[in-house]
Amino acid sequence: WADHTGAGVKVGVWDDGIQASHWDLSPNYKASRQLTIGGKLNNGQPVLVDADHGTAVAGLIAAVANGRGGVGVAFAAEITGVRIFGGADDINSAWSRYLLTLNQLGQFDVTNHSYGGAPDFTRGADVDRFEASLVNGRGGLGTINVKAAGNDKIDGNGDALDASRATVTVGATTSSGQVTSYSTYGAHL
């Protein structure tokens with residue numbers, strides 16, 4: 001790990017927010033990268049008491065090597081939350097706001113999207129935005145977009161975003177090959 005710390009890598013986590021003040025995350029949290037959508041700051045902070053998935057994901061990615069708790073796989077990476085669940089930012093009631101967040105995928109070197117979805121078998125506006133980040137992100141090298149295959153044994157093959165060249169889609173199976181109901185955890189960096 002001495003050679004691969006994540007130093008200099010900017011990671012965006014699309015989820016229910018990140019507890020930026022968490023002792024394992026605060027040294028790596030970059031509030032300056034929080035998105036502004038339609039003139040409103042998307043501050044990436046949890047909005048609900050039980051909104052902890054994004055914080056857990058951020059820890060897997062970039063929890064600092066401080067001798068306490070866990071250590072993220074990219075423990076020196078800069079992490080920023082992009083809240084798409086909860087309140088006015090909820091993807092389930094504000095699809096157009098979600099699409100606006102995707103316009104800014106290219107501001108990050110790597111993005112994580114560990115939320116499920118039902119297969120739709122269509123190419124949509126979201127796929128176009130992920131593909132644009134592949135062309136324009138990281139100074140033209142392309143943003144690396146990591147995405148979960150889905151939740152609760154949903155067939156991720158039917159989701160056009162999972163089949164896009166602009167995402168690295170990850171799933172999880174048991175040792176016997178059964179799809180787990182925790183497949184979204186496979187998308188964490």
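R33 counts as partly exposed, at 23% relative accessibility (that label covers the range between buried, under 20% relative accessible area, and exposed, over 50%, using a 1.4 Å probe and protein chains only). The model here is predicted, so local features need pLDDT of at least 70 and side-chain atom pairs count only at pLDDT 80 or more, while totals for chains, interfaces and linings use all residues. Residues are numbered from 1 along each chain as its sequence is written, and side-chain values use heavy atoms, with hydrogens and water left out.

**Salt bridges**

- The count comes to two salt bridges, each being a side-chain nitrogen of Lys or Arg within 4 Å of a carboxyl oxygen of Asp or Glu.
- R33 pairs up with E78 in one of them, at 2.4 Å from N to O.
- E78 sits in strand β4 (residues 78-83) and R33 in the loop between β1 (10-15) and β2 (35-37), so this pair ties together parts 45 residues apart in sequence.
- Helices (H or I, at least four residues) and strands (E, at least two) are DSSP runs, numbered from the N terminus.
- E78 is partly exposed too, with 23% relative accessibility.
- D162 and K147 also form a salt bridge, their closest N and O atoms being 2.7 Å apart.
- D162 is in the loop between β6 and β7 (167-170) and K147 in strand β6, so the pair links parts 15 residues apart in sequence.
- Both D162 and K147 are buried.

**A backbone angle to look at**

- R138 has a phi near 50 degrees, which is a positive value in a residue other than glycine.
- You'll find R138 in the loop between α3 (125-136) and β6 (144-148).
- R138 is partly exposed, with a relative accessible area of 31%.
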